[in-house]
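Dear colleague,

Please read them with the model open beside you.

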Amino acid sequence: MFENYEVWFVTGAQLLYGGDAVIAVDAHSNEMVKGLNDSGRLPVKVVYKGTANSSKEVTAVMKAANNDEKCIGIITWMHTFSPAKMWIHGLQALNKPLCHFHTQFNKEIPWDTMNMDFMNLNQSAHGDREFGHITARLRKPRKIVVGHWQDAAAQDKIAVWMRVSAAWADAQDMLIIRFGDQMNNVAVTDGDKVEAEMRLGYHVDYCPVNDLMEYYKAVTDEDVKAMVAEYFTMYDHSPELEEEGTEAYTKVWNSAKAEIAIRRILKDTGAKGFTSNFNDLGLMDQIPGLASQRLMAEGYGFGGEGDWKTAALYRTMWFMGQGLPKGCSFLEDYTLHFDGEKSAILQAHMLEICPLISAEKPKLEVHRLSIGIDSETARLVFTSKEGEGIAATIVDLGNRFRMIVNKVDCIKSKALPKLPVASALWIPRPNLEVGAGAWILAGGTHHTSFSYDLTVEYMEDYAEIAGIEMVVIDENTTMPEFKKELRMNEVYYMLNKALN
Ligand code: MN
């Protein structure tokens, strides 16, 4: 879906150095944009929008960016010294993500040939500081990338920002629908939906389960049959599961029916994610966990028990990670495993874990589940891949949203013969004691959105664009410092709110 988007590249200059200089700036910029696009490292196409040489030109290009649906953000770079007062009005108007690329056309200093003509052109060293000052003065959220435009490390940083900006654009047109309400009395997954729409862009609606049931009833046997056949091809399963007429077969059949119904209502409403509640299942004979697992793998956001914030965050993280190899999932801190330095948290849910994180071909199984409806219930069972990842959540603190990100290491999980659900097993960094302790201190949820492919940098870019608080728990976290950070943030956000 990145191919529907573009990022604009605007070069700052001025007319002081004459028309020839502007022509050269233009030629260099074209070459750089072509180089960036040809690098193969950027997921979104860069479109060169020319040089901006005056306040009028800056404002015009920023306003055009705001109004262009394909444009998800702007990269600025000051080839020559571009007096920054001319950027004030344009930057004030800009409402798309901004990346300030501190680079230079020339890679190395041409010691023997460098003359004043060269210096009139290669002025990023001071030009980008002038621009940096005005973005700081305006308190403009932005990402700063420093590096030569041909270097992979700099390109990769731009790629991260592009993925985040694309996910941001996706979220500005995101609908999450809730089948049933929040689980009664639960605090941490609830929050201010008005503030979420103002701050994060997405919209949350309630959808009566009765509406879903109209879709459920309308699913034809032919459609279910095709879906069940797909299950049996895609997933390992015991041969008995294919015996028509058995209870297990019926449960698989009805799961397929639920999946088709949910997918159709999501398509018809244009929703990009949904939540379920095990107390509100209409005519369904089991929790539609298998449907949730498979829809998550397609990119639909999901949150259990009405958790719309996690559903939206999952969709956003899935969107950022498109095409990356290891996958993401909705997860819940399920139960603890104390084992000294290897102390870990089992990550699972009653059913709804995304098969993208599976280490092996998932197994389709039917087992009893006593929550909601006490019933035999279909699900995909697997254990997760090993490796590093991040777990993220957003909580509502009353006066602001706080995003909490924890670096975690997934270790080998084991089968649970008496509780056959999909699972992961991770050690939070720096260890269980500090990792879980800091998470709890920050007020984090038991639900998370987890990804192997994304790094803290992605979430940092996201929090910067959204203008929300972000705290990171990683190998460097200590409880006293973390506590101090939370206290400082409390003051910062209180003042920020009072001043804006
Ligand atoms: Mn849950």
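**Cavities**

The second largest cavity has about 40 Å³ of volume, where a cavity is, on a 1 Å grid over the protein atoms alone, a set of points at which a 1.4 Å probe fits but cannot get out, and a volume is the space filled by probe spheres set on the points, which are joined across faces, edges and corners. Please keep in mind that this is a predicted model, in which local features need pLDDT of at least 70 and side-chain atom pairs count only at pLDDT 80 or more, while totals for chains, interfaces and linings use all residues. Residues are numbered from 1 along each chain as its sequence is written, and side-chain values use heavy atoms, with hydrogens and water left out.

The lining of this second largest cavity, meaning residues with an atom within 4 Å of a point, consists of S276, N277, F278, L281, I287, G304, E305, M350 and E352. By class, four of these are nonpolar, three polar and two charged, with Ala, Val, Leu, Ile, Met, Phe, Trp, Tyr, Cys and Pro counted as nonpolar, Asp, Glu, Lys and Arg as charged, and the others, Gly among them, as polar.

Around the largest cavity are F179, V209, L212, I262, S276, N277, D280, L281, M284 and P288, which by class make seven nonpolar, two polar and one charged residues.

**Domains**

An automatic or database domain assignment divides the chain into domain 1 (2-171) and domain 2 (175-499). Their C-alpha centres are 37 Å apart, and the contact (heavy atoms within 4.5 Å) involves 18 residues of domain 1 and 19 residues of domain 2.

Between domain 1 and domain 2 about 1,700 Å² is buried, 61% of it from carbon and sulfur atoms; buried area here is the accessible area (1.4 Å probe) that two parts lose on being put together, summed over both. On the side of domain 1, the most area is lost to domain 2 by R163, W168 and D170, which together give 38% of what that side buries.

The interface of domain 1 and domain 2 also has five salt bridges, each a side-chain nitrogen of Lys or Arg within 4 Å of a carboxyl oxygen of Asp or Glu. D170 forms a salt bridge with R315, with 2.8 Å between the closest N and O atoms.

With best wishes

Key
1 Å grid on protein atoms, 1.4 Å probe; cavity = no way out; pocket = protein on both sides within 12 Å on 5 of 7 lines; lining within 4 Å.
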